[in-house]
Structures are given as structure tokens and as C-alpha cells.
Amino acid sequence: MCFSAAANFVGSGVLGAVGVVTLTKVKHKRELLFASLPTLFAVHQFIDGFVWLGLDGVLSPEVTHKTGAAFVLYAQGLLPFVIPLSVLLFEPDRRSRQRMLPFLAIGTGTALYMLWALIAYPLQIFVQNNSIVYTNDGTNNTALAVLYVISTCGSLFFSKVRDMVVFGAANLAILLTVMAVKRYAFTSLWCAYAAAASVIILAYFWRSKLHRPFPYGDAIWG
């Protein structure tokens, strides 16, 4: 993924199929947001395909910038909030859900700041070494990157569900690899490979059908 429009569109189609199958395995409304992640990643990669088309000269610069802004909006402005929230909702008991609250708080603050920065600072989009680079002066700093990692991966590591921990470990390994090899293209590459890792979510929903839904009787938020 992430090396051409065709690669993104094909990857999006595969992930979309994974997402649809995952959603058919949902047994409770609390599972829905987490089960939606593969589908959301599929849409995300589909948008990235249009950015590639724009950078290849097929689309106008205006359309390219708007699709790039939509891609970054999800990657930076929504994911830090969506992932810890989805894990919190899914957790089987009150104590494990309470462990997610600090990550949700960090993710909410990170997402709000990034949303502000994406509005306040101009977004630059270009190709470097066969990868799309998204840069924004307001979001391009180490402290924010650390908060982003904590919010998107941290809650997964503290989940009571083993497969969520596996998903978190896969995402963290991918994140560290991308940072080491192609940090300049982090936003595009990490989102693509994290999307591929979301197959782990389907595997969990497929295997756990006899153990779900959880009781949720003492749940935070209904």
C-alpha cells in the first residue's frame, strides 16, 4: 500500500471486505465502534488513493488538497480519540473500562489540539521516495507524537482482551519501524500498515463468537 493509487484502491477493497465481514460478527452495540475500525481504515486508504491521483496530475490541485486534508483529518484529528473510545466501550467489566479513561483523556486532548492545528496551519502534500508526505507545522513535533502513540496504542496494551493487546503490539511495531525507516512519510505509511494489521480484529471477532457479548451490567456509559 501507499506506493500508488492502484495499490491504495486495491488495498481499500480488500480491507472493505474484511470490514464488512467483521461487522457481521457484532453481537452488541458496544462492539460496534471497535468492529468498525477495518471499514474506517478501508475508507481512509480509498481517500489516500485519490491523493495519489492528484499528485499524479489526474485531479486538480484543489481536489488533491481537499482529499489530503480529509486523510489527515482522520489520521491525526480523529484516530487518537476513536481508538481509546472504541476500546473503552468494548471492555468487559467496569474496572478494565476505568483503565481506559486516562488514555481517552489523552486522546481527546491530542485530537482537539491536532484539529485546531490542522485548521490554523497550512497542510503541505508531496511525494518523496514513492511515499506521500503530509506535513503541518502545528502537528509536526516530538511531544505530540508521543501523546499520539500513547493514545492510539496505549489503551490496547491495557485491554483485558488478549487480541486487542496483539493488535496494539502489531501497531506499535509498525509505528516504530516506520519511524526508523521513513519518518518523513509517517502519517501515510503507518495508517496503511495499521489498516493491514486490522485483520487481527476480524480474526478476534471470528474466533470469539462463543464468548461474546460480554455482560456489560456494570458498564460505564450505559
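Which residues touch the most other members of the largest nonpolar core? The views below start there. This is a predicted model, where local features need pLDDT of at least 70, side-chain atom pairs count only at pLDDT 80 or more, and totals for chains, interfaces and linings use all residues. Numbering runs from 1 along each chain as its sequence is written, and side-chain values use heavy atoms, leaving out hydrogens and water.

**View A. The largest nonpolar core has 39 residues.** F34, L37, F90, L156, M164, F167 and F205 touch the most other members. A core here is a set of buried Ala, Val, Leu, Ile, Met, Phe, Trp, Tyr and Cys residues joined through side-chain atoms within 4.5 Å; buried means under 20% relative accessible area, exposed over 50%, partly exposed in between (1.4 Å probe, protein chains only).

**View B. F34 and F90 pair up as tilted rings.** Their centres sit 5.8 Å apart with planes at 50 degrees. Rings of Phe, Tyr and Trp (its six-membered ring) pair if their centres lie within 6.5 Å; planes under 30 degrees apart count as stacked, over 60 as edge-to-face and the rest as tilted. F34 comes from helix 2 and F90 from helix 4, 56 residues apart, and both are buried.

**View C. F41 and Y74 meet edge-to-face.** Here the ring centres are 6.3 Å apart and the planes stand at 90 degrees. F41 belongs to helix 3 and Y74 to helix 4; both are buried.

Key: Helices (H or I, at least four residues) and strands (E, at least two) are DSSP runs, numbered from the N terminus.
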